[in-house]
Amino acid sequence: MTYLWLPAQPIVMHLQSTKPSAFEWKRRKHRVVWIAKMWRMDWGWWRLRLWRDYYKVVTDTGLLVVVYYDLLDDKWYLQQLFD
C-alpha cells in the first residue's frame, strides 16, 4: 500500500553537502541510506507556481519515501510512503 499526503507533512531535514542525510518524522530520526531518485519540479509559473526538489529515499528504518524541499517557502515535507 502507498500513502500519499495532500497536503504533505512538514518534517525536519538534516543535510550533508546539500543532500538529505536524515529527517525527523513522528518523533523519530530516519537516516537516509540511499537516494534512489532526484528531480526538480517547476510548474505553474504562469499562475500558482510549484518549485520543488524531490527525493525518493530509503532510510535505515526501512522506509521508502518521497520527500521534497519547497524552494518557495524554504521548508521540507514528506509526500509519500511506500509500503
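Arg49 is partly exposed, with a relative accessible area of 31%. In this predicted model, Arg49 has a partner, Asp42, and the two form a salt bridge whose closest N and O atoms are 2.9 Å apart. Asp42 is also partly exposed, at a relative accessible area of 39%. Side chains of opposite charge can pair when their charged atoms come close.

How many salt bridges does the structure hold? There are three. Another one pairs Asp53 with Arg40, and here the closest N and O atoms are 2.6 Å apart. Asp53 belongs to strand E4 and Arg40 to strand E3, so this pair ties together parts of the chain that are 13 residues apart in sequence. Asp53 counts as buried because its relative accessible area is 14%, and the cut-off for buried is under 20%. Asp70 and Arg52 also meet through their side chains in a salt bridge, at 3.9 Å from N to O. Since Asp70 lies in strand E5 and Arg52 in strand E4, the pair ties together parts 18 residues apart in sequence. Both Asp70 and Arg52 are buried.

The C-alpha atoms fill a box of roughly 40 × 30 × 25 Å along the principal axes. Does the radius of gyration agree or disagree with that of a compact globule? For 83 residues, such a globule would have a value near 12 Å, and the chain has 13 Å, which agrees. Of the 83 residues, 35% are buried. The accessible surface comes to about 5800 Å², and carbon and sulfur atoms account for 54% of that surface. If you take the contacts between residues at least 6 apart in sequence, 37% of them join residues at least 24 apart.

Now let us go inside. The largest nonpolar core has 15 residues, and those with the most contacts within it are Ile11, Phe23, Trp25, Val65, Val67, Trp76 and Leu78. Five strands each supply at least two residues of this core: E1 (2–16), E2 (19–25), E4 (50–59), E5 (64–70) and E6 (75–82). Ile11 is a handy place to begin exploring. Leaving aside residues up to four places away in sequence, Ile11 touches Phe23, Glu24, Trp25, Val67, Trp76, Tyr77 and Leu78.

Strand E4 deserves a visit of its own. Val57 lies in this strand and counts as buried at 1% relative accessibility. Which residues does Val57 touch, not counting those up to four places away in sequence? They are Phe23, Val32, Trp34, Ile35, Ala36, Leu63, Leu64 and Val65. Setting aside residues up to four places away in sequence, Thr59 touches Phe23, His30, Arg31, Val32 and Val33.

Next, turn to the outside. Trp43, Trp45 and Trp46 form a nonpolar patch on the surface, and together they have about 440 Å² of accessible area. Trp45 sits in the loop between strand E3 (28–43) and E4. Is Trp45 buried or exposed? Trp45 is exposed, with a relative accessible area of 63%.

The last stop is the backbone. Most residues other than glycine have a negative phi, and most peptide bonds are trans. The peptide bond from Leu6 to Pro7 is cis, with omega near 5°, and Pro7 is placed in strand E1. Lys26 is not a glycine, yet Lys26 has a positive phi of about 55°. Arg27, also not a glycine, has a positive phi of about 60°. Lys26 is in the loop between E2 and E3, and Arg27 lies in the loop between E2 and E3 too. Lys26 counts as exposed at 67% relative accessibility, and Arg27 is exposed with a relative accessible area of 90%.

Technical notes:
Residues numbered from 1 in each chain as written. Predicted model: local features only at pLDDT ≥ 70, side-chain atom pairs only at ≥ 80, totals over all residues. Heavy atoms only, no water. Core = buried A, V, L, I, M, F, W, Y, C linked by side-chain atoms within 4.5 Å. Buried < 20%, exposed > 50% of the residue type's maximum accessible area, 1.4 Å probe, protein only. Helix = DSSP H or I, 4+ residues; strand = E, 2+ residues; numbered from the N terminus. Contact = heavy atoms within 4.5 Å. Patch = residues over 30% accessible without salt bridge, like charges linked within 9 Å, V, L, I, M, F, W, Y side chains within 5 Å. Areas by Shrake-Rupley, 256 points an atom, 1.4 Å probe, with all protein chains shown as cover. Salt bridge = Lys/Arg side-chain N within 4 Å of Asp/Glu carboxyl O. Rg over C-alpha atoms; globule rule 2.2 N^0.38 Å.
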